[in-house]
Structures are given as structure tokens and as C-alpha cells.
Amino acid sequence: MAQKAIREYDAKSILAKHWDKYFPRFTYAYETVLVKNGLELREVAIDHLWLSTKTLVAKPDMLFGKRGKNGLVLFKDKAPGDVTLVKAANWIDSKTKEKQEVYFSFEGDTPSGNPSVDYLTHFIVEPFAPHDQAEEYYISATCVGDEDVLYMSAEGGMEVEEGWDEKVVEVAFPITATEAEIEEKIKANIPVDVAQKDKTAFAQFAIGFFKAYRELNFAYLEINPFVMQGRKIELLDMVAKLDDTAGFMMVEEWGSVEYPTAFGMEEKSPEVLAIEDADAKTGASLKLTLLKPDARIWTMVAGGGASVVYADTIADLAGIEDLANYGEYSGGPTTGETKFYAETILDLMTRKKDLEGRDKILIIGGAIANFTDVAATFTGIILAFEEYADKMKEIGMKIYVRRGGPNYEKGLRDIKAAADRLGLWIDVYGPETHVTDIVRMAVEA
Amino acid sequence: MAQLFTRDTQAIFWNNNTTAIQRMLDYDYTIKRDKPSVAAIVAPTSSGKFEKFFYGPDEIMIPTFKTTAEAKVAQPQADVLLNFASFRTAYDVTMEALEIGGFGTIMITAEGIPERLARKMNATARANGVVVIGPATVGGIAPGAFKIANVGGTISNIVNSKLHRAGSCGLVTRSGGLFNELSNIISINADGIAEGVAIGGDRFVGSVFIDNLLRMESNPQVKYMLLLGEVGGIEEYKVIDAIKEGKITKPVIAWCIGTIAKYYDSGVQFGHAGASANTQGETAEAKNRAMAEVGIYVPQSFNDLPNKIKEVYESLHLAPIQEAEMNVVPTVRRSKQFICTISDDRGDEATYAGFPISSVALPSTGKGIGDVISLLWFKKQYPKWATDFIETVLKTVADHGPAVSGAHNAKVTARAGKSVVESLVTGLLTIGPRFGGAIDGAAQYFKYADDNGLSPKEFLGYMKNEGIPIPGIGHRIKSLKNPDLRVKGLMEYAAEYFPSTPLLDYARTVEALTTSKKENLILNVDGTIGILMVDMWRALGYAEEEIDEFISSGTLNAFFIVGRSIGFIGHILDEKRLEMPMYRHPMDDILYDVQMAQEI
């Protein structure tokens with residue numbers, strides 16, 4: 001996936017790094033730290049004096065919003081703006097002790113839907129910034145269709161979504177818009193509710209914000225709210241996504257940025273991480289997502305499109321409860337890469353028997369390849385079979401193969417011979433069989 | 001443009017992806033195209049001038065260039081760019097091609113080009129009326145006309161899937177693998193495809209479904225269309241609108257894959273980077289439903305798609321496709337070790353650059369050795385003034401007496417009892433920078449001075465800095481007052497028969513300066529020959545770079561070698577006739593100054 005969410009802390013760090021370029025008329029103190037627990041907060045306070053001298057705000061920094069409504073923003077002990085370092089550290093420790101419930105959607109102040117439950121592991125801590133409500137603004141930018149859209153509002157804060165149409169000005173720009181066009185259009189569209197005396201400054205900030213969004217390859221950038229007090233800017237809350245395909249051009253600009261797993265999402269398993277790592281090192285494509293590791297049907301499918309078709313068909317014919325994983329390999333992986341991919345899947349698949357005692361089903365599917373050498377990739381799968389044959393037989397497994405493309409006759413012949421030699425149950429089909437028909441056969445069997 | 005590609009379409013292939021190019025040429029041979037579909041290869045790091053490929057059982061050479069600009073100048077008719085650069089450089093390659101212009105279609109294969117760059121590239125191409133296929137695609141095909149790179153896979157699959165001749169379906173997909181699969185399904189359940197494009201899997205691609213379907217709507221070969229969409233994005237709705245507005249009237253079959261995505265939150269990325277539903281309308285279900293509502297033929301599932309294709313195809317009652325004749329690509333081919341572009345001995349009579357030997361050899365043809373040289377050395381028929389000049393040069397340099405080092409060596413060797421060929425090569429091996437090399441040097445340096453607009457004074461200064469005497473200037477005894485008649489003759493010939501002599505004119509101004517310093521610093525015969533050769537080639541229309549290449553490859557020296565061989569052989573035969581004994585140099589002609597070697 002090209003667009004990846006980053007922590008609020010990283011978003012602020014990136015903006016701070018380029019602050020003078022985009023916001024030369026404004027100042028931003030960049031007083032912010034990211035910690036995992038109270039102890040770490042006390043430790044970083046040695047280098048960040050403001051942590052001890054100022055009152056603080058602390059909140060989780062884990063890619064979810066509505067932290068205020070979830071009661072997860074610490075800004076007061078007895079009165080707003082009286083949180084000390086010790087209080088903040090204690091509060092963080094109290095929140096990390098056990099799993100927390102977080103609601104992602106609210107109706108008014110009432111949570112709706114089921115909460116996600118997970119440990120809080122990352123907190124962002126900043127100085128408490130006293131200000132008037134009137135000094136809060138909203139700004140964000142993202143890509144809609146083929147255009148970049150800048151959203152601006154004179155009202156910041158959590159309520160902005162409730163009244164979007166009245167309060168938010170949208171300005172769209174084609175990708176080819178020049179800097180002059182951008183500046184002119186933004187200046188002409190400053191929200192009417194921005195005080196007359198602040199309009200020029202707001203426009204300057206918005207222009208810098210939009211340029212930063214464009215030039216730093218953000219896919220999404222939101223500050224809600226930011227506080228403008230003359231030349232001084234406070235970034236109270238930020239949300240950002242990066243276009244990670246631009247990473248090779250942005251090594252300097254982004255610095256060390258992390259793409260965390262969202263709160264409540266299962267941490268990626270070591271197997272999935274290993275596949276991601278292998279994927280990053282090859283020109284081919286290797287993808288794996290675990291859906292229900294205890295389920296009966298596993299897929300090892302070649303091709304981004306074909307893998308989806310197989311998943312669709314399994315969901316249609318067997319139901320999603322039976323689908324253990326989603327993934328694909330494509331772009332001509334080497335025999336070694338395919339072997340590693342196949343071993344990973346076989347390893348996961350052979351850890352437990354089916355709960356109802358049925359045979360597990362392995363779908364080795366794929367469309368007719370354009371250039372991937374079928375025999376070479378199947379050689380990798382065969383090597384993995386040899387490694388896992390005993391375990392495969394132990395849990396009981398039926399293998400259905402369908403594939404076409406360069407050298408497919410040899411590939412199919414080889415995999416059939418290997419399975420027969422190893423005593424594995426296998427059915428092998430070529431391009432004369434409809435691509436997803438093996439799913440029907442497997443489910444009906 | 002109703003058709004994306006024709007049988008005459010040619011491409012410039014960016015990156016020397018030999019497997020993909022060979023697949024294109026195998027396809028060309030199979031469908032009996034007149035010209036190969038790849039006209040040039042851009043390979044920035046390659047040093048060669050061409051790459052060899054099989055064309056059926058034979059081999060052909062495809063020129064390679066370091067830049068797209070050079071390739072386009074050499075092959076201006078090639079209006080398709082197949083951009084196989086990596087995700088790091090694909091953007092730059094595309095933008096440069098748009099700048100150069102003259103491309104109607106640009107196909108980009110790289111996956112994961114930064115989104116902002118992809119959007120800019122696509123928008124710029126669109127503004128220039130250029131069709132972009134991709135990024136992140138395997139390409140497209142107009143069966144029986146033109147195939148991009150790896151589309152369709154191997155030749156056997158292409159023929160099985162009837163991609164070697166046009167059928168009647170227009171096919172548009174996102175996925176490249178499923179494109180191939182659908183070609184096969186369509187060949188089984190209908191009569192094959194007329195044109196097909198895989199638009200690419202990245203979130204931002206150039207031409208989208210609607211662009212391709214509108215073109216197919218106006219392509220009379222296309223009778224119905226098949227669209228394979230994906231969860232995510234709103235491109236399918238543009239097709240729905242076009243049908244509502246009556247812009248698309250041909251039957252459309254469509255299916256969006258990714259119906260499974262509804263069961264999972266956005267954390268699971270199914271398929272391509274572009275495949276992620278941000279709103280309810282972007283789900284596969286919603287799109288399939290909306291498409292069915294406007295009369296698009298939507299199957300129950302992907303598994304049901306073949307039946308739907310069969311149903312629509314049969315309802316159209318189309319005339320059967322005339323199966324085209326094809327060539328069969330041989331399964332075993334051997335790459336040739338040598339290449340010959342000047343003569344051919346495979347026919348009835350051997351030829352020199354296409355001319356049977358008898359047609360240039362016999363006196364009745366009126367052709368001379370100059371004509372033979374122009375054919376075998378330059379693969380051109382030079383006009384008479386030029387071949388006469390070449391012959392004049394050969395005659396002029398044939399001999400210069402027994403004392404010059406080459407002739408002396410040949411004579412010494414002959415006297416040692418060696419054969420004609422052994423004696424001759426001894427003489428020839430003497431030819432180099434100091435003996436006969438002035439022809440090369442004069443051409444090189446005078447041309448350099450003239451090309452760079454150096455005044456005679458500046459030229460002399462330049463040569464002084466280089467620390468070498470000016471090649472082609474100076475004679476042992478001849479001077480302006482006592483001119484070399486060979487030089488005089490060559491100059492008079494050139495004045496009468498050459499269309500113009502710009503380099504000689506320049507050299508004369510240099511000579512005027514050098515002779516003003518010293519009487520015998522005249523333009524000598526070597527210098528005159530080298531300079532007039534350059535003038536000859538200029539008058540014959542060669543580009544300056546080609547002439548520079550003649551000079552650097554030693555072509556000028558070759559004239560001296562051929563001419564002087566005549567003289568050397570004369571001296572050798574002379575020695576044989578005279579039965580001269582072994583030569584030993586007189587000792588009193590040698591200064592002996594031998595010191596005891598010191599120990600170190």
C-alpha cells in the first residue's frame with residue numbers, strides 16, 4: 001500500500017525540520033516528545049528542560065483520533081493546565097498497565113460500534129498551550145480523484161466534522177498547478193470567518209502548509225486545530241499519511257519515520273514481517289496477510305489480480321470463515337524467493353489440525369503468466385514441499401494447482417511428480433481449466 | 001484515433017530488456033509484419049551500436065542509443081515509447097519523451113512510482129494528447145498488428161489464446177495477469193480480442209477504463225467490450241455515465257473483482273495498490289450493481305464470467321473470423337557469431353554491397369577500383385568525381401622510393417629469404433603515426449580546428465600547446481617556390497571536380513601562415529590527401545560525426561595501406577629478381593656506446 005499513516009510525533013518532526021522553508025514568517029517551538037512509559041518520560045526530561053518547567057499535555061500517539069472523547073487526553077489534574085511531569089508520567093503508567101478500550105466513532109459524545117481493545121504503547125507529551133477558542137483553526141490537505149484539495153476552517157477543534165459543509169472551505173488544485181496559481185487561489189478562498197486582521201497571516205500559513213503537503217509527499221496532512229497567536233504557531237493535533245513510494249526521494253526530508261500498526265490491529269506476525277522484508281529486497285512482489293490462521297483453506301496464488309479473484313471465489317463458495325490468508329507472489333520471483341514464500345505458508349498451515357478434523361486445502365493458483373517462469377517458481381514450491389511433506393501429511397492436506405504461462409507444462413508435471421513421490425494428495429490443472437474452478441472442486445470435494 | 005496500434009506501428013524500447021524485445025519480434029514474425037515492431041533500443045549504459053535478435057530463423061540488428069532523443073532522431077516514425085525504466089527513473093524518462101514529442105503512446109511498466117510524480121506525468125501526457133498505458137502494467141496488444149513487450153506471454157500461449165489475429169472483443173483490465181487469462185477465456189468462449197489494454201495496478205494510472213472504452217467504441221473492429229475492474233476508485237462510474245449519455249453503445253460486459261474486501265477493514269490490502277475502497281460506492285458490490293443497472297452485462301461472479309461472455313458473443317451473431325496465416329517461430333535457433341554487411345556469397349554470384357562482382361569488375365562496366373572501394377568500404381555508390389579521386393590517391397601514394405622506412409623494412413625482409421606476404425607485412429607494420437600517419441593526423445587536426453572556428457594563428461598556438469608539429473605540413477625539400485607536383489595535381493583536381501573544398505580552403509590559410517615563417521612548411525601530400533578526403537565526404541553528404549568516425553577508425557590510413565602495398569610488393573619482387581643476399585648493416589654505421597651495467 002502506497003499511503004501509510006505515521007505518528008503525530010513524526011508528522012510534527014517532519015514539519016519542524018522544514019519549518020523555515022515553508023513558514024518563514026511563523027515560529028514553532030517544536031517542544032514534543034514520544035515516550036513508551038512514565039520512566040522514559042522522566043529520562044527524556046533531562047534533555048528537554050521544558051518538560052520540568054512547563055505544564056504538560058499527554059495523549060496516546062497510535063494513529064487513532066477522538067482521543068478527547070475517549071478520555072485519553074491528559075491536560076488537567078484539578079484545573080486545565082496544571083499537569084506536571086510527575087503527574088504526566090504517572091498517568092501514562094496508569095494507562096499502559098492494562099488494555100484500553102478505544103471507540104473510533106461517536107454520535108455526539110456517545111460512542112458507537114464496538115471498541116477496539118489493545119495496549120497503549122506510545123504517548124506524545126507537549127507543553128500545555130493556553131489560548132482562546134478564537135485562535136484555533138482547522139487545515140488539511142489530501143488527494144481527491146486527480147486533484148489535491150485543501151480544506152480550511154476558521155474553527156478548529158474536535159467539533160469541526162459536525163458542520164463540515166458550513167464551516168469548511170474546500171479548494172482544489174490540479175497536480176500541474178504552479179506556485180503562483182496556488183497562492184492566488186488560496187488567498188482568494190480564506191474562510192470568511194477568519195478575523196479580518198488575521199486573514200493575511202492565515203493565507204501565508206495555508207500556502208506554506210499546502211506547499212509542504214505537496215513537496216514533502218504527504219498523502220494526507222491535517223492539523224486540527226492549530227493555534228495562531230501573531231507569529232507564534234502551536235500544532236495541537238496532527239494526523240498524517242505519507243506516500244511511501246516516494247521514500248527513496250525523501251530519505252533526507254522525512255528522516256527516520258516509522259509506519260506503526262494501528263491500535264487494535266493485531267501486531268504483524270514474525271512470518272508476515274519476514275515476507276515484508278523479503279518483498280522489500282526483491283524486484284518481484286511477495287505479499288502475505290493472515291486472516292484466520294486456524295481456518296481450513298490456504299492460498300498461494302501468483303498475481304495481484306488473480307489472488308483477489310481466488311479470495312472472492314473462496315468467500316463466495318466456502319465463506320470467509322474458511323479463508324486463512326490472503327497473499328500473492330508475482331513479477332518473476334526467483335526459485336529461492338518462491339521457496340521461502342511457500343515454506344512460510346506451509347509452516348503456518350501445518351501448525352494445527354483443522355478443528356473439525358477435515359483435510360486442509362492448499363490452493364496453488366494463478367492466471368496464465370505473462371513472463372513469470374512457472375517451472376522455476378514451482379521448483380521453489382517443490383523444495384518447500386520436500387521440507388514440510390511429513391507435517392503436511394500429519395495434519396492432512398489436499399493440494400489443488402491451476403496455472404499457465406511460460407514453461408507451465410514442465411512446472412505442472414514437476415509439481416505433480418514431486419507430490420506423488422512425497423505421498424501428498426494433489427490435483428493439477430492447466431490453462432484449459434477456468435482459473436478459479438479449482439476452488440469449486442476443492443469446496444465440493 | 002480509433003485504433004491504438006497498426007501493423008506499421010513501431011516502438012522505441014527504453015531499457016535493453018532482451019527477453020521482452022525478443023518476444024515482440026517473435027510475435028512480429030509470427031503475424032508476418034513487414035517491419036519489426038521495435039525500431040530502436042535506448043540503453044544508457046550500453047556501449048554497442050546495436051543488439052542482435054532473432055527474427056524467425058534469422059537474426060536482425062536493432063540499433064541502440066544512449067538517449068531517447070538520439071533514438072527518436074534516428075527513428076522518427078517510431079511513435080510508441082515502451083518505458084521499462086525502474087520506478088526511480090520512469091518519471092524522468094516519460095517527461096523527457098513528452099518534451100521531445102512525436103510519441104502517440106507511452107507505456108510505463110514500473111510499479112510504485114511516487115504518486116505525485118505519477119499524477120504529474122499522467123496529467124502532462126493527457127494535456128499533450130499522449131495515451132499513457134500504465135504505470136504498473138504489462139501493456140496492451142492489437143492482435144495481428146502490434147504487441148507490447150511480454151503481453152500474452154509465450155508464443156504458444158499467444159496462438160492458443162488467438163492473440164495472433166484480431167477478434168471482436170475490446171478488453172480492458174487493471175491486472176496484467178488477468179488480462180492474459182481473459183484473452184484465453186475470450187478465445188475459448190468467443191472469437192478473441194480486437195484490442196486490449198491492461199491499464200495498470202497503481203493508484204494513479206494514465207489512461208483509465210473510459211479512455212480505452214471510448215476509443216474502442218469508435219474502432220469498427222471492436223463489436224463488444226469487456227471491462228474487468230477492481231474494488232477501489234470511481235473509474236467504473238465514468239463508464240456508467242458514458243453509457244447513460246449514449247457515448248458508449250456497443251455491448252459491455254463487466255465485473256469488478258475484490259468482492260471479498262467488504263468483510264475486512266481497510267487494514268487488509270487486496271490486490272493492487274489502487275484497490276482499496278474509501279467509500280461505500282468504491283466497493284466491488286456497489287460498482288457491479290451500478291453497472292448492471294445501466295444495462296452492462298454483469299455475471300454472478302468471476303467464475304460465471306465465461307458463460308456471460310459466451311452469451312453476449314453468441315447473441316451478436318458475428319461472422320466467423322478468417323483465420324490468418326502465420327509463420328512458425330523455430331524452436332531451436334542459434335545466434336550467429338559473425339555479422340557481414342558488405343558482401344554476400346550465398347546467391348548465384350557473390351555481390352559487393354548488392355552488386356554482382358561481374359557488374360563492377362569487367363572493363364565494359366566502366367567501373368574502377370574506386371567504385372569497388374566505395375561499395376566494400378562504404379556500402380555506397382560514390383559518384384565518378386569521388387571514385388576518380390580515390391584512385392588518384394591510391395596512385396599517388398603507391399610508392400616513395402626504397403629509402404623510406406616501410407620500403408626499407410620490406411626489402412630487408414625479402415633479402416632474408418622470406419616470402420612476398422611476410423615481406424609485405426613487415427613493410428605494412430611500419431605504417432603508423434610517423435610513417436603514413438600524417439594523413440590521419442592532418443584530417444583530424446585540421447578538421448578539429450575548422451569545426452571549432454580556430455583562426456590559423458589560434459590553430460598554431462593550439463598545436464604548440466599539444467606539443468606536436470602540425471601533421472600534413474612541411475616537406476624535406478619542397479617549398480612554395482619548388483612545389484610538390486603531386487600536391488599541385490590533387491588540388492587542381494579538387495578545384496575542378498569537387499563541389500566545394502572548405503577544409504582545403506582553410507588549410508591553405510594555415511599554410512600561408514606557416515610558409516611565412518619557413519619556406520618548406522608547405523601543405524604536403526599526406527596533408528592534402530587527408531584534408532581532401534574530409535572535403536569529399538562532406539560533399540557526399542556525410543554528417544560530421546560520421547566523418548569523425550572514419551578518421552578515428554583509421555579509414556584514411558587504409559587508403560595509404562592499399563596504395564603503398566603496391567609499391568612494397570614492387571620492391572619485394574625487385575629484391576627477388578635481383579637475388580640479393582642477406583643484408584647486414586655495416587658496423588661503422590653504428591655508434592657503439594655500451595657501459596658496464598651497475599649492480600642495484
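## Domains

Which domains does the domain assignment give for chain A? There are two entries in this predicted model: domain 1 covers 3–254, and domain 2 covers 270–444.

Chain B is split into domain 1 (7–135), domain 2 (136–321) and domain 3 (405–578). For domain 1 of chain B and domain 3 of chain B, the C-alpha centres are 44 Å apart.

## A look at chain A

Chain A contains 15 helices and 20 strands. Along the principal axes, its C-alpha atoms fill a box of roughly 80 × 50 × 40 Å.

Of the 445 residues in chain A, 41% are buried. Among the contacts in chain A with a separation of 6 or more, 72% join residues 24 or more positions apart.

In soluble globular proteins, nonpolar side chains tend to be buried together. Here the largest nonpolar core has 160 residues, and the members that touch the most others are Ile363(A), Ile12(B), Leu82(B), Leu226(B) and Leu227(B). Helix α13 of chain A (residues 374–395) gives this core its largest share, with 8 residues. There is also a second, separate core of 42 residues, including Val393(B), Leu394(B), Leu523(B) and Ile531(B).

Setting aside its neighbours within four places in sequence, Ile12(B) is in contact with Ala39(B), Ala40(B), Val42(B), Thr68(B), Ala71(B), Lys72(B), Gln75(B), Ala78(B) and Leu81(B).

Technical notes. Residues numbered from 1 in each chain as written. Chains lettered and ligands numbered in written order. Predicted model: local features only at pLDDT ≥ 70, side-chain atom pairs only at ≥ 80, totals over all residues. Domains from an automatic or database assignment. Helix = DSSP H or I, 4+ residues; strand = E, 2+ residues; numbered from the N terminus. Buried ≥ 20, exposed ≤ 12 C-beta atoms within 10 Å, placed from the backbone. Contact = placed C-beta atoms within 7 Å. Core = buried A, V, L, I, M, F, W, Y, C linked by C-beta atoms within 7 Å.
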